[in-house]
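Biologist: Please take a close look at one part of this model for me, the place where the chains meet. After that, I would be glad of a short tour of whatever else deserves attention.

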Amino acid sequence: MSVLSQLNVIQVSGLTKRVNTLEGSLTILSDINFSVKSGESVAIVGASGSGKSTLLSLLAGLDVASEGEIHLDGEALSTLDEEARARLRADKIGFVFQSFMLVQSLTALENVMLPAELAGDHDAKAQAVELLEKVGLSHRLAHYPSQLSGGEQQRVAIARAFIGSPKILFADEPSANLDRKNGQLIENLLFDLNKQNGTTLVLVTHDEQLAKKCQRIIHIEGGQLEKISEGGAANVG
Amino acid sequence: MWVKLAFKLFSRELRRGELTIIFAAIALAVLTVFSLSAITERISLNLAQKSSDFIASDRRLSSNHAFEPQLLTQANKFGLATAEMLYFDSMLFANDELVLGSVKAITGSYPLRGKITIKDSLTSPAYDVDTGPKAGAIWLSEGLFYALKVKVGDKVELGAGLFNVTKVLVKEPDAPFFSLSGNKRVLLNYADIATTQAVQPGSRVFHRLLFAGNEQQLSEYYTWLKPQLKSNQNWQGIKDRQSPLGNNIVRAERFLLLAGLFGIMLAAVAMAVSAKRYCERQYDPVAMMKTLGGSRKVIRNIFLLHLSLVTVFSIVAGLMVGFVLQTIGADYLATFMGTELPQAGFRPWLLSAFIGLVCALMFSLKPLLDLFDIPPLRVLRRNLGDTLAISRIHIALSMMTIFVLMWIFSGEIMTTLILFASTLLIIAILFAISRLLFAAGRRLGLRPGSSWSLALATLQKRANANAIQLISFALAIKLMLFLVILKNDIIADWQMQVPADAPNMFIINIAKEEVTPIKKFFRDNNIAHEDFYPVFSGRVDAVNGEKFARRVSKQEGEENDKNAKKGVSREPNLTWLASLPEGNEITEGQWFTYGVTGGNDIEVSVFDGWQDVLGLKLGDTITLLVNEQAINAKVTSFRKVDWGTLKPNFVMILSPNMAGKVPVTYFSAAQLHDSDTKAISQLLQRYPTISMIDIKSQIEQAQSIIAQVSLAIGFVLSIVLVSGALVLISQVQASLAERMEEMVILRTLGAKGRLIKLATLYEFMLLGGIAGLVAALVSDIALLVIQQQLFDVAGRLHPYIWLLGPLSGALFVSSIGYFMVAHTMRQNTQGLLRKLG
Ligand SMILES: Nc1ncnc2c1ncn2[C@@H]1O[C@H](COP(=O)(O)OP(=O)(O)OP(=O)(O)O)[C@@H](O)[C@H]1O
Ligand SMILES: [Mg+2]
């Protein structure tokens, strides 16, 4: 294993995604190449329908590429089956989604503990409580998602994303469903926790302001990588 | 590790009510099957016991020759209780009066089932005893007391023996329902047969062995006995008797069976729909868990554990509720019937638990497999995995399961097939209707904003889901309608068989010259009576010159046994008549014309039930042995005979040119009231040779059994109706849950609660009405087939349900829908939005 790939926690080469539709094969992504270093924060931006979510789903191993290869922390995703990819996600990846995706029948605390429990880790409670404290929800531990506001639900989702100290965090438009104020709160939380934990952050967004908070910005246009620019945070970090 | 999570999720789902419908559906299936099969079993055990009383045993073997002694010893070896019986005619003599009596000699164990009713003197009250007269004593029926001018305590000569008359014989359990033996009956101890010297080689006697025991012992014995049965030996159980009871028991059993099947179908539909719905609601959590790294195995384990927990809980709950229900029901029935119902065995427990298990497994199998296959990508692409059409595999699997369940439960492929086919028909019709209707509605282009247009728009938008709902509504309505009508028909039919003004006394053995004076006597005393029929008895000896073998037993299901030789060893009562009796119907051939006008060849009209038994066709020649005289008669017609009526019915009716060829007596039936007692004594004293058979007790017994069975049927029907209502309610609830989102959006957009409520009301009214109409039509057609195939009654259409179906469907479905929506609308919009999650 080269030093480069050790540093590059995500390495994407020649990534292409095609889907079969009624009108024939449709290429959603073609020949995408980039890499993300450990601890780096990267934003993926582009117009609606340009393929951002598709890219994210491939990176997280939720879907499989048609061509090309993705290495996550040194492991080639194409060599893993669905079970192995699930295990990889359990070990190394955290998620935050636009629609918060909490399990309705579990409390805030239980939702946060869910990834750890699925991975068979029973001592996650202390860490979960601590994370919920950090997102300012220590008084809502036993509340169900339906009893929380959108912003609060997203904060639970963020706490959940950081449980088990993942190496990489994927976020798909985490603040798009929230008002300005709450959106900002969420974004700040995300970046703070990211910094504290030394996590690699890959963030999909429409929001130029948000993108600028990342170290690098990957621009996608019509399924192709248009350019990679430096974000505002590059100077700082 | 996953276990803890699984239990946590389970308890939450339980609390959130997500599992309630599945739980209710399985429990419903279990409790329906349990309570129905337990009650059915208890009732039919009771009926079988009661009916066994009618032959004083569970099975009997009859012959006109003595039985080999090992038949009895072997029966005792199999653990059966036995009794012996011998019928013969003998002269009785007392006070210079000589009278022919029909004697029944019995061993001490007679009757094995039922009781003998006797009186201490002609005027004292009747009571029941368990055994017959001791050696040296005889019991005489009332008619003989008059004919011999004796009283209790006198001595009477019977054949060569002298006997003490100790009791008045009122009734034996197996007194012939209709025979020529009449009321000159004598009950004698078996040990005294020799004393009478009345039975000599060559005398006409009739032997019977009676057996009682459990079904297993009986069938083991029959297996042993069958190969050695002779052609003159006739094995019979209660089902072999052609009596109103035998037929009614079979009908009642069939009804209960059908009701049980419907209960299963209803619960199965509820289960199939709710399992699918539950799994669909788990799509998001499962996709989420997969995204968060949950492995397939963990997810599978979690949901399989849920399924097992639900299954176990609901089976236990179903059994418990079912047990309570059937206990209450059986107690109620028992107090009404004035008897104790025997306990049901293990079968209902095992059967219902098994059916619950199969329901749980089969109906959730496909939805669960789909659930395990939900791609994690769904967290990003929300509609991924949403199955728009229900999977064909799920439908096929569910249908197959329902079919197999019905088959297991009924053990009858024919019934199952008819019901299943009519159900498929409903589904097909409804699918076509919903397609047409929803397509047509689209073109109507109703004014927007009105409740009706909103209702129609909603119906169209959800065409697929609605089709499914329509089908489940219609199924539930169909099953309920079906049972209601069937019940009404069966009970009406029974009541017709035993009308309140039925004759309750048969008068037989009337000499030709007595006919006119007796008619006059009836007229003078204002007694209603039937025609006087000439009667004689004869044995069917041969058809087209070919003699017969042993008769098969219906009790042992031998009618379908191709190897059993067919034949009859019965001596039917015969008559000649110029016109077809009331209630009979020619099925083939023509009623006599030639014989009536005085030709020489004798014709015969045969009961169509004997057509197959004897292998007869029109034009065959039957040889009848009447008093050793052979009479040849040509078959010119077959008749349907309703043996359910308590009227004189004849297997064979000969053409009127029989008159004068054989000695006959005349027969009639009269309706006698308690106030006529004096007239009866007068009649018996004036014409001592005639006999009267009191069938009042038989009529009362038949009526009481009909009442019991009607009640049982009503009870079972109400269970099925409750199940049906539950299915409808759960369906409406499910469909409302699916509509929540829309309602909330409409509400949020400012639609008035009234508009939404009315729209829902109309929508459900349409759904319920259409479902009800189709259900009515299809159940009427299915009924036509079922009544003919299973209940042996002429099927007919019931136009009133074509109105009842849609009306009740619309009313019921829409009112449930309305109340549920009204309830929802009381919550504020914010709360509703939250609930959607
Ligand atoms: N399974 C599929 N079948 C057909 N088309 C697909 C499929 N998946 C994605 N697409 C198409 O690929 C394109 C990219 O989709 P994607 O969701 O990645 O866009 P996006 O950049 O995330 O857009 P947005 O900013 O609106 O979320 C879209 O045009 C979408 O319609
Ligand atoms: Mg997207």
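Predicted model: local features only at pLDDT ≥ 70, side-chain atom pairs only at ≥ 80, totals over all residues.

Let's begin at the contact itself. Chain A brings 33 residues to it, and chain B brings 30 residues. Together the two chains bury about 2900 Å² of area, and carbon and sulfur atoms account for 63% of that. On the chain A side, the residues that lose the most area to chain B are A:M101, A:E117 and A:L118, which together make up 22% of what that side buries.

One of these three returns when we turn to charge. Side chains of opposite charge can pair when their charged atoms come close. Across the interface of chain A and chain B there are 3 salt bridges. Among the salt bridges of the model is the one that joins the side chains of A:E117 and B:K8, at 3.7 Å from N to O. Polar contacts between chain A and chain B come to 6 residue pairs, counting those with both residues at pLDDT 80 or more. As for where the chain A side comes from, α2 (52–59), α3 (82–92) and α4 (108–118) of chain A each give two or more residues to it.

Now for the wider tour. Over all chains, the salt bridges number 26. In one of them, the side chains of B:K104 and B:E172 meet at 2.8 Å, N to O. This pair links distant parts of the chain, 68 residues apart: B:K104 sits in strand β3 (residues 97–106) of chain B, while B:E172 sits in the loop between β8 (161–171) and β9 (185–189) of chain B.

Two spots in the backbone are worth a visit too. The peptide bond from B:Y110 to B:P111 is cis, with omega near -10°, and B:P111 belongs to the loop between β3 and β4 (116–119) of chain B. In chain A, look at A:D73: its phi is positive, about 50°, although this residue is not a glycine. A:D73 lies in the loop between β4 (67–72) and β5 (75–76) of chain A.

Let me finish inside the protein. There are 4 cavities of 30 Å³ or more, and the largest cavity holds about 90 Å³ of space. Its lining includes B:L19, B:I22, B:Y278, B:F303 and B:H306. Three helices of chain B, α7 (244–281), α9 (296–337) and α10 (347–372), each supply at least two lining residues, and α9(B) gives the largest share, 4 residues. The lining of the largest cavity counts 9 nonpolar residues, 2 polar and no charged ones.

Notes
Residues numbered from 1 in each chain as written. Chains lettered and ligands numbered in written order. Heavy atoms only, no water. 1 Å grid on protein atoms, 1.4 Å probe; cavity = no way out; pocket = protein on both sides within 12 Å on 5 of 7 lines; lining within 4 Å. Points joined across faces, edges and corners; volume = space filled by probe spheres on them. Nonpolar A, V, L, I, M, F, W, Y, C, P; charged D, E, K, R; others polar. Contact = heavy atoms within 4.5 Å. Buried area = accessible area lost by both parts, 1.4 Å probe. Salt bridge = Lys/Arg side-chain N within 4 Å of Asp/Glu carboxyl O. Polar contact = N/O pair within 3.5 Å; in protein donor to acceptor, adjacent residues only side chain to side chain.
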